[in-house]
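Morning, everyone. Please have a look at the slide.

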Amino acid sequence: MIKGMITNFKKYSFLMSQLIARDFKVKYKRSVLGILWSLLNPLLTMTVMTIVFSQMFRFNVEGVNYIVYLMTGIIMFNYFSGASNSAMTSVVENFTLINKVYIPKYIFPISKCLFVGIDFLLTLIPWFIIILLSYLGLGQYTCHINIYFLLLPYIFLCLFLFAAGMGLLLSCISVFLRDIFHIYGIILTLWNYLTPVFYSVEILPDFLQKLMKLNPLYQFINCARSIVLYGQAPNMTHLIIIGIMGLGMFLIGGFVFRSKQDKFIYYI
């Protein structure tokens, strides 16, 4: 399955690039700042959430820079949320093209995940600037730029695979059950609160801390925070776990999508 997908990606790479370019044009159409919003949006969101959670609700994480802690959680959760949500609607939105010519249908959800991934890479610029500013006194604690930053691409790749697998699964379900568009929004809201984006897992009771380890997004975010905030390499077990979660979700989503895609034509 994976070999066939790679072959088709090469064959339809031009189409993939055109789909991504189209999404960029639609997103930034008639926008004065254009792509700069990809840099400003996480900064503005972080500023608002930092004020709300650190000043109003008094959330804090002992011993680490809360601003970087918060921003790391925000950009990683937002990538998953945006990628899976966009991928979910991709097949239904492109039904006219699917009905006219033969195209591997998984091109559409994967292109959405790649498009949101480009935005994600752009948000890493202000994220890294905030980390550097911690050395100049931004936040109570200084972050740690170290050799373990080289592990971040692996963590982000695992997150991409997980989001792409979820996107493939959701895009398949959405063809047969349009209610998933509304249901998934509620699920994402709940998932956001159940993921320690703005709070520390330490404030939870012991049994909830153990349950939190079953949350894939907690595992991805926690590995990144270990490197950035504590200057430590994530535990090898955790690195293996996020690899299994990412690849496993991608294989599950790909298998379900491939087994059902021939029936899409009858429902879209």
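Start with H6 and H7. From H6, Pro-109, Ile-110, Cys-113, Leu-114, Phe-120, Leu-124 and Trp-127 meet Leu-152, Phe-156, Phe-160, Ala-163, Ala-164, Gly-167, Leu-168 and Ser-171 in H7. Contact here means heavy atoms within 4.5 Å. That contact has 13 nonpolar residues, 2 polar and no charged. Nonpolar covers Ala, Val, Leu, Ile, Met, Phe, Trp, Tyr, Cys and Pro; charged covers Asp, Glu, Lys and Arg; the others, Gly among them, count as polar.

A word on the source. This is a predicted model, where local features need pLDDT of at least 70 and side-chain atom pairs count only at pLDDT 80 or more, while totals for chains, interfaces and linings use all residues. Residues are numbered from 1 along each chain as its sequence is written, and side-chain values use heavy atoms, with hydrogens and water left out.

Back to the pair. Helices are DSSP runs of H or I, at least four residues, numbered from the N terminus. H6 spans residues 107–133 and H7 residues 152–176; their axes come within 10 Å and cross at roughly 145 degrees. Axes are lines fitted to C-alpha atoms over the stretch in contact, with angles from 0 to 180 degrees between N-to-C directions. The H6–H7 crossing is right-handed, that is, the near helix is turned clockwise from the far one by less than a right angle.

Next, H4, residues 66–93. H4 packs on H7 at about 30 degrees, axes 7 Å apart. So H4 and H7 are roughly parallel, the term for angles under 35 degrees. Their crossing is right-handed too. Among the contact residues are Met-76, Tyr-79 and Phe-80 of H4, and Ile-155, Phe-156 and Leu-159 of H7. By class, the H4–H7 contact has 17 nonpolar, 5 polar and no charged residues.

Now H10, residues 216–230, and H11, residues 236–260. They pack at about 135 degrees, with axes 10 Å apart. That makes H10 oblique to H11. This crossing is left-handed. Pro-216, Gln-219, Phe-220 and Cys-223 of H10 meet His-238, Ile-242, Met-245 and Gly-246 of H11.

Which helix gives the most to the lining of the second largest pocket? H10 does, with 6 residues. The lining has 7 nonpolar, 4 polar and 3 charged residues. That's the tour. Thanks.

Methods: Helix = DSSP H or I, 4+ residues; strand = E, 2+ residues; numbered from the N terminus. Parallel < 35°, antiparallel > 145°, perpendicular 65-115°, else oblique.
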